[in-house]
Amino acid sequence: MRTTSIVTIASFALGLGMSAALAQDAPGMKEFGVDISGAGTTQDENKKFTEGLPADQQVKVREACLVAVTEPADSHPPAVIAFCKNVNPPS
């Protein structure tokens with residue numbers, strides 16, 4: 001399962017053409033192929049931001065976030081983890 005998740009995330013990143021330059025602009029804020037630096041900080045703001053994305057990007061961001069919150073805490077910047085928890089709140 002973990003290998004599949006890693007391959008999925010790697011394919012997602014490559015498919016969106018992420019480059020080192022993008023990652024340097026705002027650490028972690030573009031790691032899902034979408035700049036989330038303007039997504040706000042509350043659950044409502046994050047959900048509204050995500051819902052404003054094209055449908056295919058919404059799916060990719062939500063799937064990437066599902067994986068991100070299961071990884072070690074230092075795998076992603078705190079702002080990205082908070083965004084992901086707001087986009088996919090625990091049931």
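Okay, let's start with contacts: of the contacts in the protein with a separation of 6 or more, 52% are between residues 24 or more positions apart. Contact here means heavy atoms within 4.5 Å.

A quick word on where this comes from. This is a predicted model, where local features need pLDDT of at least 70, side-chain atom pairs count only at pLDDT 80 or more, and totals for chains, interfaces and linings use all residues. Residues are numbered from 1 along each chain as its sequence is written, and side-chain values use heavy atoms, with hydrogens and water left out.

So what is the protein built from? It has five helices and zero strands, and from the N terminus on the elements run α-α-α-α-α. Helices are DSSP runs of H or I with at least four residues, strands are runs of E with at least two, and the numbering goes from the N terminus.

How much of the protein is buried? Buried residues make up 30% of the 91 residues. By buried I mean under 20% relative accessible area; exposed is over 50%, and partly exposed is in between, with a 1.4 Å probe and protein chains only.

Now let's look at one pair of helices. Two packed helices are described by the angle between their axes and the distance between the axes. Here, helix H4, residues 55-68, packs with helix H5, residues 78-87, at an angle of about 115°, and the axes are 9 Å apart. The axes are lines fitted to C-alpha atoms, for helices over the stretch in contact, and angles run from 0 to 180 degrees between N-to-C directions. H4 passes H5 in a left-handed crossing. That label applies if the near helix is turned anticlockwise from the far one by less than a right angle; clockwise would be right-handed.

Which residues meet there? From H4 we have Val61, Arg62, Cys65 and Ala68, and on the H5 side Ile81, Phe83, Cys84 and Val87. By class, that contact has seven nonpolar, no polar and one charged residues. For the classes, Ala, Val, Leu, Ile, Met, Phe, Trp, Tyr, Cys and Pro count as nonpolar, Asp, Glu, Lys and Arg as charged, and the others, Gly among them, as polar.

In soluble globular proteins, nonpolar side chains tend to be buried together. The largest nonpolar core in this model has 15 residues, and Phe32, Ile36, Val61, Cys65, Val80, Phe83 and Cys84 touch the most other members. H4 and H5 each supply at least two residues of this core, and the largest share, five residues, comes from H5. A nonpolar core, by the way, is a set of buried Ala, Val, Leu, Ile, Met, Phe, Trp, Tyr and Cys residues joined through side-chain atoms within 4.5 Å.

Take Cys65 as an example. Leaving aside neighbours within four places in sequence, Cys65 is in contact with Phe32, Phe83, Cys84 and Asn88.

Let's stay with H5 for a moment. Its buried residues are Val80, Ile81, Phe83, Cys84, Asn86 and Val87. What do they pack against? They pack against helix H3, residues 43-51, and H4. Ala79 also lies in H5, but at 41% relative accessibility Ala79 counts as partly exposed.

On to aromatics. A pair of aromatic rings is described by the distance of the centres and the angle of the planes. How many aromatic pairs does a search of the whole structure find? One. Phe49 and Phe83 have ring centres 6.3 Å apart and planes at 75°, so the pair is edge-to-face. The cut-offs for rings of Phe, Tyr and Trp (its six-membered ring) are centres within 6.5 Å, with planes under 30 degrees apart stacked, over 60 edge-to-face and the rest tilted. Phe49 is in H3 and Phe83 in H5, so the pair ties together parts that are 34 residues apart in sequence. Buried or partly exposed? Phe83 is buried, at 3% relative accessible area, while Phe49 is partly exposed, at 22%.

Last stop, the loops. Val69 is found in the loop between H4 and H5, and is partly exposed with a relative accessible area of 37%. Not counting residues up to four places away in sequence, Val69 touches Ile81, Cys84 and Lys85. Gly40 lies in the loop between helix H2, residues 20-25, and H3. From Gly40 to Phe83 is 8.5 Å, C-alpha to C-alpha, and they are 43 residues apart in sequence.
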